[in-house]
Structure formats: structure tokens, C-alpha cells
Amino acid sequence: NKQGGGDNGGGGGPISIPDGVNLPSESSAGILGRLRHGDFRVRLGALTALSATVLDADTLIAAASSSEGGSHASSSSRKKKPISDGLLKAISERILDPDTAVAINAAGCISNY
């Protein structure tokens, strides 16, 4: 339903990523597209949103402590990683970004992770 585009106008709204949840492929493609966008402001906005939600230190600590519930819980949490490998790769690519603010923000995201 979200792929229709232009339903209520308002394109370019804030990125909303729920805390500590695995990004489905559709949402992940959206954030990956923003991380690899040509405009540095879009890349910076995507990294800022990630650092304030999914890659927030408190969120990562809470996710780690909830997965330590037992050996059975850790095996199931292995399937439900909060961050996909593709997303980590896209963030690590931004560390070498020509824009300093984007590179620093990407390094901070990786550092939190």
C-alpha cells in the first residue's frame, strides 16, 4: 500500500523506524536508498534517524539485555537481528563519504553498534 506514492502528498517526511525491530525488506530498501542517495543532506538525515532510533545506545543495550534471557532466547534472537547486514554495509560505506558530517555520523552509528 505504501508503494502507490502520492496518496496524501507530503513526500519527504521524517523516517520512522521502530526501536529494536528487524527492518523488513521494503523498509530496509527505503533506508538503504536514502543512505546511498546523491544528496548529502538525505544521507545525513537517514544516518541521524538511525542513530536516534535503531542505533541509539540505550536501544541497543535494551535489545542485548532482552536477548540474554536464556540459551533458547539467544538462538531465536539470532534470527531477529535488529540490524541487517546490508544496512551495516551501507552505513560503513558512508564512513568514507566526502561530506565530513555524514562520515562522522556514520562512524558514530558503527561505534554504537
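**Helices, core and buried residues**

Biologist: What share of the 113 residues of the chain counts as buried?
Modeller: Of the chain's 113 residues, 26% count as buried, where buried means under 20% relative accessible area, exposed means over 50% and partly exposed lies in between, using a 1.4 Å probe and protein chains only. This is a predicted model, in which local features need pLDDT of at least 70 and side-chain atom pairs count only at pLDDT 80 or more, while totals for chains, interfaces and linings use all residues. Residues are numbered from 1 along each chain as its sequence is written, and side-chain values use heavy atoms, with hydrogens and water left out.

Biologist: How many helices and strands does the chain have?
Modeller: The chain has 6 helices and 0 strands, so from the N terminus on its elements run α-α-α-α-α-α, where helices (H or I, at least four residues) and strands (E, at least two) are DSSP runs numbered from the N terminus.

Biologist: And at what angle do H5 and H6 cross?
Modeller: The axes of H5 (residues 85-93) and H6 (residues 100-112) cross at roughly 140° and come within 8 Å. Axes here are lines fitted to C-alpha atoms, for helices over the stretch in contact, and angles run from 0 to 180 degrees between N-to-C directions. H5 and H6 are therefore oblique to each other, given that under 35 degrees counts as roughly parallel, over 145 as roughly antiparallel, 65 to 115 as roughly perpendicular and the rest as oblique.

Biologist: Which residues make that contact?
Modeller: On H5 they are Leu88, Ile91 and Ser92, and on H6 they are Ala106, Cys109 and Ile110, with contact meaning heavy atoms within 4.5 Å.

Biologist: Switching topic, which residues of the largest nonpolar core touch the most other members?
Modeller: That core has 17 residues, and those touching the most other members are Leu35, Leu47, Leu50, Leu55, Ile83, Leu87 and Ile91. A nonpolar core is a set of buried Ala, Val, Leu, Ile, Met, Phe, Trp, Tyr and Cys residues joined through side-chain atoms within 4.5 Å. Helix H1 (25-35), H2, H5 and H6 each give two or more residues to this core, and H5 gives the most, with 4 residues.

Biologist: Where is leucine 55 found?
Modeller: Leucine 55 is in the loop between H2 and helix H3 (57-67), and it counts as buried because its relative accessibility is 1%. Its C-alpha lies 8.5 Å from that of isoleucine 83, although the two are 28 residues apart in sequence. Leaving aside neighbours within four places in sequence, leucine 55 is in contact with residues including Leu50, Ile83, Ile91 and Cys109.

Biologist: Is arginine 43 buried or exposed?
Modeller: Arginine 43, which sits in helix H2 (residues 40-52), counts as buried because its relative accessibility is 8%. Its side chain reaches the backbone oxygen of histidine 37 at 2.8 Å; a polar contact is a pair of N or O atoms within 3.5 Å, and within protein one must be able to donate a hydrogen and the other to accept it, while residues adjacent in sequence count only if both atoms are side-chain atoms.

Biologist: And what does aspartate 97 contact, leaving aside its neighbours within four places in sequence?
Modeller: Aspartate 97 is in contact with Arg43, Val102 and Ala103 once those neighbours are left aside. Aspartate 97 is in the loop between H5 and H6, it counts as buried because its relative accessibility is 7%, and its side chain reaches the backbone nitrogen of aspartate 99 at 2.8 Å.
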